[in-house]
Amino acid sequence: MALSVGQNYGSSRTVLVNNQQVDLQNLKELRDLPEKRRAGREQEIRSGAEFLQQCPRFPASRACADLPWAILFLLTLLALLLFVATSMGELNSQAAAVHSRHARHLQATSYVWVDDAPGHEGSESGTYPRSQPMQHSFAADGNMHISESEGRHLAASICLACVAGAVGGLVSAALWIMASKTCAWPVVYFSLYAIPTLLMVGGLLALLGGSIHAGIMLCLLGGLMIALTMCCWAHYIPFTIEIVQMVATAFSERSEMVVISAIGGFVGPLWITLVVLGYLAYYVKLTGGMSADSSDGDSGASYLFFFVLMWGSGVIGNVSHMAYCGVFSRWYFEEDEAPLLKSLHVATVTSFGSICFGTMIVAVINTVEAVLRGVRHAAQEDGNIVGCVIALIMEAVISCIGDLMEYFNQWVYAMCALRGGSFCDSARGTCTLISCTGMKAIIGDVLIDRVVTFGFLLAAVAGSGVAALSGLLTAEGGGGGLSRGEVIGACGLVGLVSAGISGGGVMSIMGSGTKAILMCWAEDPDRLHQEHGFEALHTELNNKAREWK
């Protein structure tokens, strides 16, 4: 139990956290606050302490928290599905009309070459000899058009490349995390210095190629990142190495959580496709056709679809995050009975409403930021310098608020995975735990995001290479009108995107694992070294927490 107090959850001045008295009057976070704000903050801490006392870890049964927000999200999903389903006929007719106009244009203005057709080489015609299959055609505007059989072959190659890239990215990211268990030192240092080094190399190449401004900017950016790493972050590196090794060890013992990444990598693109189809259907209904000019009145609906896109994408990502946190928390407290299934049940059923509520707040902030960006662009086009500056300042402020809220939510979801409870109650419990255990000093010293970023890039490049290889193999049978290099390039590009999605999902395991295990350590510090053997890390965490308090 993280917090153990009497019936009043502590005296008028103290609360008990981890069986230790915490004097609120001397708490560093409250010491310099004005009297009115300090009183309010003390009340929030006591409220969080009460939540921690009343809600045990991994309760046998959990009520569905924040249920109205889950219902609202599911109704939004249902409305979007119905809108797309009822509009598919109109979308298909519009697509057929566009295709028909395009075909008539080709029939009137194309030059057709027939490979190996005696007597027809180089002939100009609007018809095609039935005895020979069409290989490729070039319209008068210079664009290439491939036949139906070539299109099927290319589609098969692209689909195979998409799957190959996703698998390659997922496997590469998982291997990168596994390597961190035994090679944490080179993994962390390589992650910290590889990206700025690549930026500087790219800058030098740009300078040699004649792009002076781009080369200088890349070199300056890479040099600045290296200087910051060496001068400001160097003393955080040993601590980050220990954290990475701990998370990688837990992942190696619970590697089945990769299934969550695979599911998220599949559902995420489906949501994006659904929202895009919904917007296209709305656009067709508004303008009367895909080729019509956009109406000035559709900006409000565009922002609505943007909100739905951000909300749904965030919910999918946060469901994965909470499930990861549940698996890592059960590893820490040695809850070995079906950790993956139980964690998925919490994330998709009992705490799904909390995810929907917290993500909706971030989606609203992101939408407001998008509106301000549109206002800034409009002011810029009108030459309104004052309006442009004001909109830019407001956009930056809203962006910072959104980033802070999104980051804090990640810790709240870790608390939801551990104890359940509503989003607001979990937020209070998270604040109490972080404030009273010195976690703020620990959070600020971890450079795990740099390791995650480099692992994501590595997985994307590896997956792109696997996809390009699949394109090479499928192109050997004949690429039709497209050259072999074009097929390979298209497959590599598709693989880069799919590998980025799947690899990014796997690499997010490290960030989720860090938050979950640190939250568990704040609840029960001794278990880290007594049950899992991380004595040095436990000592380092205690020292940092003691310095903060």
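Mentor: Let's start with a definition: the expected span of a helix is 1.5 Å times one less than its number of residues. Keep in mind that this is a predicted model.
Trainee: OK, so what span should helix α11 have, and how far apart are its end C-alpha atoms?
Mentor: Helix α11 covers residues 352-382, which is 31 residues, so it should span 45 Å; its end C-alpha atoms are 45 Å apart, which agrees.
Trainee: Nice. Which residue just after α11 takes a positive phi?
Mentor: That's Gly383, with a phi of about 75°.
Trainee: Switching topic: which residues make the nonpolar surface patch?
Mentor: Leu204, Leu207, Ile212, Ile216, Met217 and Leu220 make it, and the patch is about 570 Å². Helices α5 (184-208) and α6 (212-231) each supply at least two of its residues.
Trainee: And which helix gives the most?
Mentor: α6 does, with four residues.
Trainee: Take Ile216, then. Is it buried, partly exposed or exposed?
Mentor: Ile216, which lies in helix α6, is at 40% relative accessibility, so it counts as partly exposed. The cut-offs are under 20% for buried and over 50% for exposed.

Key
Residues numbered from 1 in each chain as written. Predicted model: local features only at pLDDT ≥ 70, side-chain atom pairs only at ≥ 80, totals over all residues. Heavy atoms only, no water. Patch = residues over 30% accessible without salt bridge, like charges linked within 9 Å, V, L, I, M, F, W, Y side chains within 5 Å. Areas by Shrake-Rupley, 256 points an atom, 1.4 Å probe, with all protein chains shown as cover. Salt bridge = Lys/Arg side-chain N within 4 Å of Asp/Glu carboxyl O. Buried < 20%, exposed > 50% of the residue type's maximum accessible area, 1.4 Å probe, protein only.
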